[in-house]
Amino acid sequence: MEQKKQELQFTTLLTAHRRQLYAFIYSLLTDHTDAEDVYQRCSMILWDKFDQYDMECDFLPWAMGIAFYEVKNFLRVSSRDRHHFSEQLLNQLFERMQSSSAPNVQLSSLEKCLKSLRQKDLWLVQQVYWERRKCTSVAEEMGMKINALYDRVGRIRGQLRDCVQRRVSEVEHA
């Protein structure tokens, strides 16, 4: 019975923080395929080490620490590829992320701002950024010219930027 409880706790925590953990890994690798591979390996390592996790501490920073070392390991193994960050830069990025709560505030602000978008605009963001579809095919599907699509995406990005900045500012001044 204890094993089931531990599995449920782990699954609940990992599911609740999946997007933030993946975003963290992706921010260090900048390639979705590599980030997904590292995320999968990281999930297995997190499960293997879950008995060492202190339930009094936040799960995400603990998971990000493990993910950071898994990213470093991935980069060391694939170091022949010149498109990855150096280990020194990775260390600097990680230190900056650990010392600041801003990425979490920005990410939660972005999530709230995305929810405030019109349904059509949210769909467009999902197609262009999450699904990584070619803009030409999205424009064709929507019956728009490509330049009109670029303009619309630019306006949506501006709305999101302004919304995130406003929310972060509110948090900082609260």
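Ground rules before the details. Residues are numbered from 1 along each chain as its sequence is written, and side-chain values use heavy atoms, leaving out hydrogens and water. Because the model is predicted, local features need pLDDT of at least 70 and side-chain atom pairs count only at pLDDT 80 or more, while totals for chains, interfaces and linings use all residues.

Start with the largest nonpolar core. It holds 25 residues. By core I mean buried Ala, Val, Leu, Ile, Met, Phe, Trp, Tyr and Cys residues joined through side-chain atoms within 4.5 Å. Buried is under 20% relative accessible area, exposed over 50%, partly exposed in between, with a 1.4 Å probe and protein chains only. Leu21, Ile25, Leu29 and Leu46 have the most contacts inside this core. Helix 1 (2-29), helix 2 (32-49) and helix 3 (59-77) each give two or more residues. Helix 3 gives the most, with 10. Helices are DSSP runs of H or I, at least four residues, numbered from the N terminus.

Now the cysteines. The whole structure has 1 disulfide, meaning cysteine sulfur atoms within 2.5 Å. Cysteine 113 pairs with cysteine 163, S to S 2.0 Å. The link is left-handed, at -85° about the S-S bond. Cysteine 113 sits in helix 5 and cysteine 163 in helix 8 (residues 146-172), 50 residues apart. Both are buried.

What about cysteine 42 and cysteine 57? Cysteine 42 is buried, at 0%. Cysteine 57 is partly exposed, at 44%.
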